[in-house]
Amino acid sequence: EALGRDDFFVTASNASAVAMIDMWPNWPARQVLLCGPPGSGKTHLAEVWRQRSNAQEIEASALSFEAAPQLLAGRALVIENAAAGKIDERVLFHVINLARQEEADLLVTCEKPAEGWNIALPDLATRLKTFAVVEIGAPDDVLLRAVLVKLFTDRQLAASEEVISFLIARMPRSLEAARLLVQDIDRRALAEKADVTRPFVARLLQEFSSRDLFALEE
């Protein structure tokens with residue numbers, strides 16, 4: 001999967017988040033919360049920044065006191081999927097303090113701003129209020145269209161404008177859903193030796209709904 005900056009389509013739903021990533025290293029704060037729903041592109045943007053900053057990366061649930069110094073040795077760290085119940089609040093507080101001490105840049109991805117995490121540790125809540133916060137909305141039609149066209153093109157599938165518009169009107173508002181959908185269309189079209197037509201994708205969408213394929217986690 002292409003996760004470079006040029007592979008990230010910019011629309012109104014994500015423009016402010018992209019601007020923050022592009023602004024580095026001149027961030028308004030050295031710690032940033034990148035928020036958005038599952039499948040909105042947070043991981044892609046985080047990877048763009050990781051490549052630029054040479055940051056290390058870790059899931060929030062895997063943070064530990066012992067690993068913190070090594071993770072921040074390069075003075076840049078991505079912490080993915082931070083949320084209530086997925087973090088040890090004391091460890092995250094320690095990592096934030098150590099990042100400030102080491103003058104390290106910190107990018108934390110999450111579904112919603114820290115106010116919605118129900119944080120029990122007051123000192124952590126106070127620290128998180130000092131972060132710059134940027135949010136990605138659910139993908140809009142412009143973004144979904146661009147992503148679908150690229151995914152079909154990458155797989156050398158001929159999908160008409162009618163098919164693209166049909167999918168946009170009915171599919172879940174998620175970039176991950178778009179990826180899974182085109183992947184499955186490709187697999188089924190090959191197996192059935194079928195063209196990618198509106199009736200064909202309509203049938204697949206019905207099957208996807210019955211399988212709950214798009215109950216996604218980012």
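Which residue in β4 is the bridge partner of Leu77? In this predicted model, the partner is Leu106. Leu77 belongs to strand β3, which spans residues 76-80. Strand β4 covers residues 105-110 and pairs with β3 in the parallel sense, over 4 bridges. Between β3 and β4 the chain passes through helix α4 (residues 89-101), and this β-α-β crossover is right-handed.

Strand β3 also pairs with β2 (residues 56-59). That pairing is again parallel and has 4 bridges. Here Glu59 stands opposite Glu80 of β3.

Burial of β3 was examined next. Of its 5 residues, 5 are buried, so the strand is largely enclosed by the rest of the structure. In a regular strand, side chains alternate between the two faces of the sheet. In β3, Ala76, Val78 and Glu80 point one way. Leu77 and Ile79 point the other way. Residues on both sides of β3 are buried, Glu80 included.

The largest nonpolar core holds 28 residues, and Ile79 and Trp117 have the most contacts inside it. At least two residues of this core come from each of β1 (31-35), α3 (68-71), β3, α4, β4 and α5 (122-128). Helix α4 gives the most, with 7 residues. Beyond its neighbours within four places in sequence, Ile79 is in contact with Ile58, Ala60, Leu63, Leu92, Val95, Leu106, Leu107, Val108 and Thr109.

Notes: Residues numbered from 1 in each chain as written. Predicted model: local features only at pLDDT ≥ 70, side-chain atom pairs only at ≥ 80, totals over all residues. Heavy atoms only, no water. Buried < 20%, exposed > 50% of the residue type's maximum accessible area, 1.4 Å probe, protein only. Pairing = 2+ DSSP bridges. Right-handed = clockwise from strand over helix to strand, strands pointing away. Core = buried A, V, L, I, M, F, W, Y, C linked by side-chain atoms within 4.5 Å. Contact = heavy atoms within 4.5 Å.
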